[in-house]
Amino acid sequence: MKNILILVFFATMLSCKKDTESKNEAQAKSIEQYSIEQFMNNEAVSGGSFSPDNSKLLISSNRSGIFNAYTVPTTGGEYTQITASDSISYFAVSYFPNDERMLLSADGNGDEIDHIYMRDTNGEIKDLTPEQGAKSSFYGWSADKNSFYFGSNKRDARYFDVYKMSIADFSSELIYQNNDGLNFSGISNDENYIALVESVNTNDSNLYLFDRSSNEKTKINDNLSANASEDFAVDSSAFYYTTDDGEEFSYLMKYDLASKTKTKIVQKPWDVSGAGFTDKGTYLVVYVNEDGKNAIEVLDSNTLQPITLPNFDNKSITSVSFSKDETWMRLYVGGSNSPSDLYTYNLETKEQHKLTNVLNKEINPDDLVTAKVVRFKSFDGTTIPAIYYLPHQASADNKVPAMVWVHGGPGGQTRQNFSSLIQYMVNHGYAVLAVNNRGSSGYGKTFFKMDDKNHGEKDLQDCVEGKNWLAEQAEINSEKIGIIGGSYGGYMTMAALTYTPEEFDVGVNIYGVTNWMRTLKSIPPYWESFRESLYLELGDPYSADSTRLKRISPLFHTDKVTKPLIVLQGAKDPRVLQVESDEIVAGVRKNGVPVEYVLFEDEGHGFIKKENQIEAYSRILKFLDEHLKKENAPLDGETPKTEIDPKTE
């Protein structure tokens, strides 16, 4: 299973002085402001599996309000709806290789217990993995296209075994029993080798090849390093993987299965975050995480020279895949100021077709803001990268409030991708600085490890320094800067309000961890294979580490919170339990501090349904307008007179 999380050389940075001078020269621009309904009327599209005859693509879209599966002609045209759910989101997985049956995936409204479904040619949908409480994931098609591989924890809730399911009668056989937490990460076309990954810590992992004919397991990496399986050669002669052994950034290696020799294939000044062959092996697709932005190369697999891809001017290709006969490519193209549209490209005729127009036609693209990568020095001299959105209407004469945005994780990364919530806030006059604090991925392994066992401390100071950087910008109202984040970012929001209570003026906590001991003890059972790695980074709640975990858990220090807070939570969240938000809200309210609580009964760790996104994002903006933007915002401890929607309270 490929872990393509994310990504050739970064542009030279301007000096701080020159950067500040250029900002001072910025001129305010008059733009139209859009409602949250208009922003959420953008369409989100994902997937893109070619039908056997290459006439259609199977995709997912939320145009109905939740995600359903659709088909769209390869050369463009009207969608055909495949699923018509009004509650549970269905996501497209793949066409069957030789007929028009389809594989789909869905969970229970955000509980992350995914099942694999088949949609037959009569339109009926059948659950192929119906085991109660078991999570199943599609791993790929067999070389003969008569079966597919999938992982399931139905035997042992802690571990995912590997099964092979026949598409003739949908019987399945166990082909690898996972007894020791080595996670499946790929299988050779001859089915002789299975790639397995063992998590050592949150950066490093051991990589093994399991020989099914001899039952022997070979360790591929020689040293402690980050290693990830990428693909096998089509003829099963070689294994390809990424590693950061001896380097700051990951690079692509080839392991010859016969000679056991290793060859470096692709190295960049950033992480090579993923790679894989097309079906016939003609092309090798390489993903690079280039300063928080995807850089994609399609290489001729014999010469390793890149082929020419279509040019989309100031937009980037963020994802590609090929038809099985390699005559067609589907591409997603977008940017920080543009949601990604789906295109197809015929490699023989060189014709390209735009299949979607996902940006709401009521929104003028010129009114949206293109993100800018900036860097600032933190308290100890560490350089911190960040992604900056400055409203068009901001100037030295029209200063705007700002928000520090913190990504999820730990170990995540805010990337130069389109965000409806960020663009909505920026459109309404809020600058956003998305801080990739120490511990973020994408900037080398040394940077990635810098927050181990100091969460809520040095990483929080990076966010405070991000606030200080904002305060120095001519267009920013230095007296009105808040902090926002989801998951780990929500934790950072609460840590900021708790441990640096005078630094930020408001906080937006989106399903954030507030009690590390409970969260680390209640992680889903299927996280068992990397539970120890989490403990190594964050602390073991069953050891003396619990003292520190309690110290950095905002729940136990709510008396320190003095600034207005809004908390948003999904009731079905299996990662950050609802009780985390229930208790932090109750604790902060005891201080007489303005607190709003928005709870969604039908969401998990992330809000999927459009109506819930509209409610969540509009409530966030209303909260910011009330407590950050207005000149007469309530003083600390003064409760505002606002109505709370009872359905979300």
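This is a guided tour of a predicted model, stop by stop.

**Before you start**

Residue numbers run from 1 along each chain as its sequence is written, and side-chain values use heavy atoms, with hydrogens and water left out. Because the model is predicted, local features need pLDDT of at least 70 and side-chain atom pairs count only at pLDDT 80 or more, while totals for chains, interfaces and linings use all residues.

**Stop 1**

Select β9 (136-141), β12 (172-176), β10 (147-152) and β11 (161-166). Strands here are DSSP runs of E with at least two residues, helices are runs of H or I with at least four, and both are numbered from the N terminus. The four strands form an open sheet in the order β9-β10-β11-β12, with antiparallel pairing. Two strands pair if DSSP finds at least two bridges between them. β9 and β12 stand at the edges with a single partner strand each, so one side of each has no neighbour in the sheet. From one strand to the next, the twist averages 30 degrees.

Now zoom in on β9 and β10. Five bridges join these antiparallel strands. Pick S137: its bridge partner in β10 is G151. Then pick F138, whose bridge partner in β10 is F150. The hairpin of β9 and β10 has five residues between the strands. Click on K145 in this hairpin: its phi is positive, near 65 degrees.

**Stop 2: the aromatic cluster**

Show the side chains of F96, F138, W141, F148, F150 and Y163. They form one aromatic cluster. Rings of Phe, Tyr and Trp (its six-membered ring) pair if their centres lie within 6.5 Å; planes under 30 degrees apart count as stacked, over 60 as edge-to-face and the rest as tilted.

**Stop 3: two aromatic pairs**

The whole structure holds 28 aromatic pairs. Go to F232 and F239. Their ring centres are 5.0 Å apart and their planes meet at 40 degrees, so the pair is tilted. Both residues are buried. Buried means under 20% relative accessible area, exposed over 50%, and partly exposed in between (1.4 Å probe, protein chains only).

Next, select Y283 and F322. Here the centres are 5.2 Å apart and the planes are at 20 degrees, so the pair is stacked. Y283 lies in β22 (283-289) and F322 in β24 (316-322), so the pair ties together parts that are 39 residues apart in sequence. Y283 is buried at 14% relative accessibility. F322 is buried too, at 13%.

**Stop 4**

Most residues other than glycine have a negative phi, and most peptide bonds are trans. Select F170, in the loop between β11 and β12. Its phi is positive, near 60 degrees. F170 has 19% relative accessibility and counts as buried.

Move to K260, in the loop between β19 (251-256) and β20 (262-266). K260 is not a glycine, yet its phi is positive, about 65 degrees. This lysine is partly exposed, with a relative accessible area of 44%.

Then find G409 and P410. A cis peptide bond joins them, with omega about -5 degrees. P410 sits in the loop between β30 (400-406) and α3. Follow the chain into that helix.

**Stop 5**

Is α3 buried or exposed? Eight of its eight residues are buried, so the helix is largely enclosed by the rest of the structure. Among them are S420, Q423 and N427. G429 follows the helix, with a positive phi near 95 degrees.

α3 (420-427) packs against α11 at an angle of about 30 degrees, with the axes 11 Å apart. Axes are lines fitted to C-alpha atoms, for helices over the stretch in contact, and angles run from 0 to 180 degrees between N-to-C directions.

Which residues make the contact? From α3 come L421, Y424 and M425; from α11 come Y617, S618, I620, L621 and L624. Contact means heavy atoms within 4.5 Å. By class, this contact has seven nonpolar, one polar and no charged residues. Ala, Val, Leu, Ile, Met, Phe, Trp, Tyr, Cys and Pro count as nonpolar, Asp, Glu, Lys and Arg as charged, and the others, Gly among them, as polar.

**Last stop: T80**

Select T80 in strand β4 (80-81). T80 is partly exposed, at 43% relative accessible area. Leaving out residues up to four places away in sequence, T80 touches A69, Y70 and T71.
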